[in-house]
Amino acid sequence: MRIGLLTEGGYPYVSGDAGLWCDRLVRGLEQHEFDVYALSRSRRQEAEGCVPLPPQVRRVRTAPLWTAEDDGVAHGRRARRRFTECYGDLVAAVCAGPEGPSGHLADRFGNALYGLAELAREERGLVGALRSDAAVRALEGACRAPRALRTARDARVPDLLTVAAHLERALRPLSVDWYGDDALGAADLCHAASGGPAALCGLLARHFSGVPLLVTEYGVQLRSHYLTLGPDAATPAVRALLGAFHGRLAAEVYRSAEILTPGNAHARRWQERCGADRARIRTVHPGMEADRFTEVGESPGRADPDTLVWVGRVDPTKDLVSLLHAFAQVRKEEPEARLRIVGAPSGAEGAAYLGHCRALAAQLFPDEADGAHAVGDNPVSFEEIGAPEAPTLPDAYAAGAVVVLSSVVEGFPISLVEAMFCGRATVSTDVGAVVEVIGGTGLVVPPRNPRALAEACVALLRDPERRERLGAAARARALELFTVEQNVAAFHGIYLEIVSHCPVRRVVLDESGEPLPFAAPAESRVPGRWTGPTARALPRGVPAWATTAPVRATPLAAAEGAR
């Protein structure tokens, strides 16, 4: 089958989110054809280039989310009136209060969104209209309406301009030319690698051509928006309006997608709270390469019995400060214990946080020496992958008897799964999907609790047999649930399930303009390349005779239809 893979800020670019698992998925499903539709986040991301693509990727089409030139379209009076009506309905649904049991606001938002999409398709873009004064006036009118949110009624002119600019950026997928019969309209299935703009492209392909939509979320976009728009980032009115918009968009995506595949139970709960139907949710854990950890996993004796290891990206959400305070208590119980922190900082904020942690470690653990003339040694070391002490990632995990995760915010804990592949006992904080991943194969403590973290670490350092049992159980669990093979097999089954239940209805016409029965033979579903007609998908509700550009059958198709 032909898959339209929709990404935002990730695959096929070298840098970005979701690139690794998308690449593994595409390479694992070599029997299918993939067309990649990528929304880039920055000029730098585009300049860094793309990863090598396998032959099953037929083409790649890209569009920037970070910029959009004015389309220069001079809209007529009728188009301007339609834009004002549709955009006004959209922002009215955003500014209104909580949704009632009738679902009226959800329908209003969806109808307005698809109305804007149809107008963008007819007018070849809406960038200029979304930036116009008419858009700001419509937003202001919605905010001043009697039933608008109280925080929306308090919005001032700078707030309105900020929200209008954000909506213009979020609605840029409406103006891309990806929804014709030669693009997403020719796909058997659209697979959005995230919510938000990528899923919006899938919604429009479903609306225009009836292509079924699959949405995968390993990190919930709506939650990310809530976390980004903190009290210090925007005014209450801006936070309320943008939160309402992204909530409405997420609800429309969850309502329209044939199947949703969250990466863990934490993401699944978010989807259900936003209105997703439980019957259409399939949890598919991210797939990770286990082979490179095999040697370490089969050699538990390589670990230093007195060493704790932390591996990850250094930033404030990892709460290394609590880890250092916990290790100070560990040292009181186990004077020979050592802590290795392996990881690089994430951006400027991560670099500043790493500097703070280094200073704290120097304060908590002054360099120790056996005598007055000996060189001191700090029990805490800060390293990066590639250094002599940790040349590779498996070597970093192999160095310790216990792997520690101290985060206060975590989605799917990749470092925890890697430690499980290595057969290491773990101590983790109860955040995100940690409990779901670890099961009963490790110790879990509350976040921001150095005493509990220290007690769990000491318990494992003092009990080597328990460490060995937990490590073996953790490795067996990871190999069963979190490998690339299980991830690819799960998506292959979901693809077949969607296509079997929601096939795209395409009408093929013969040379006389009449519908051609059996124009697409059953053999076209068999993996491989088959000669046949390029079918045209008609919009929902449009009969075959109403099309203005019929797809003519090739001689082969005519022969099939005559049988």
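**Entry 1, ground rules.** The model is predicted, so I took local features only at pLDDT of at least 70 and side-chain atom pairs only at pLDDT 80 or more, while totals for chains, interfaces and linings use all residues. Residues are numbered from 1 along each chain as its sequence is written, and side-chain values use heavy atoms, with hydrogens and water left out.

I searched the whole structure for salt bridges (a side-chain nitrogen of Lys or Arg within 4 Å of a carboxyl oxygen of Asp or Glu). The search gave 27.

I looked up Asp23 and Arg27, whose side chains form a salt bridge at 3.1 Å, N to O. Both sit in helix α1 (residues 19–28), and since they are 4 residues apart, about one helical turn separates them. I took helices (H or I, at least four residues) and strands (E, at least two) as DSSP runs, numbered from the N terminus. For cover I used relative accessible area: buried is under 20%, exposed over 50%, partly exposed in between (1.4 Å probe, protein chains only). Asp23 is buried at 16%; Arg27 is partly exposed at 39%.

Next I checked Arg58 and Glu33, which form a salt bridge with their closest N and O atoms 3.5 Å apart. This pair links distant parts of the chain, 25 residues apart: Arg58 is in strand β3 (residues 57–64) and Glu33 in strand β2 (residues 33–40). Arg58 is partly exposed at 36%, whereas Glu33 is buried at 19%.

I then noted Glu334 and Arg462, with closest N and O atoms 2.7 Å apart in a salt bridge. The two are 128 residues apart, Glu334 in the loop between α14 (320–333) and β8 (338–342), Arg462 in the loop between α19 (450–461) and α20 (464–481). I also found one network, in which salt bridges with shared partners join Arg2, Glu33, Asp35, Arg58 and Arg59.

Is α1 mostly covered or mostly open? I found it mostly covered, with 7 of its 10 residues buried. Among them are Trp21, Cys22, Asp23 and Leu25. The buried residues of α1 pack (heavy atoms within 4.5 Å) against β1 (2–8), β2, β3, β4 (189–192), β5 (213–217) and α21 (484–501).

I noted a positive patch on the surface made by Arg77, Arg78, Arg80 and Arg81. Patch residues have over 30% relative accessible area and no salt bridge, with like charges joined within 9 Å. Arg81 lies in helix α3 (residues 77–95) and is partly exposed at 45%.

Key. Patch = residues over 30% accessible without salt bridge, like charges linked within 9 Å, V, L, I, M, F, W, Y side chains within 5 Å. Areas by Shrake-Rupley, 256 points an atom, 1.4 Å probe, with all protein chains shown as cover. Lys, Arg positive; Asp, Glu negative; His and termini not counted. Charge placed at Lys NZ, Arg CZ, Asp CG, Glu CD.
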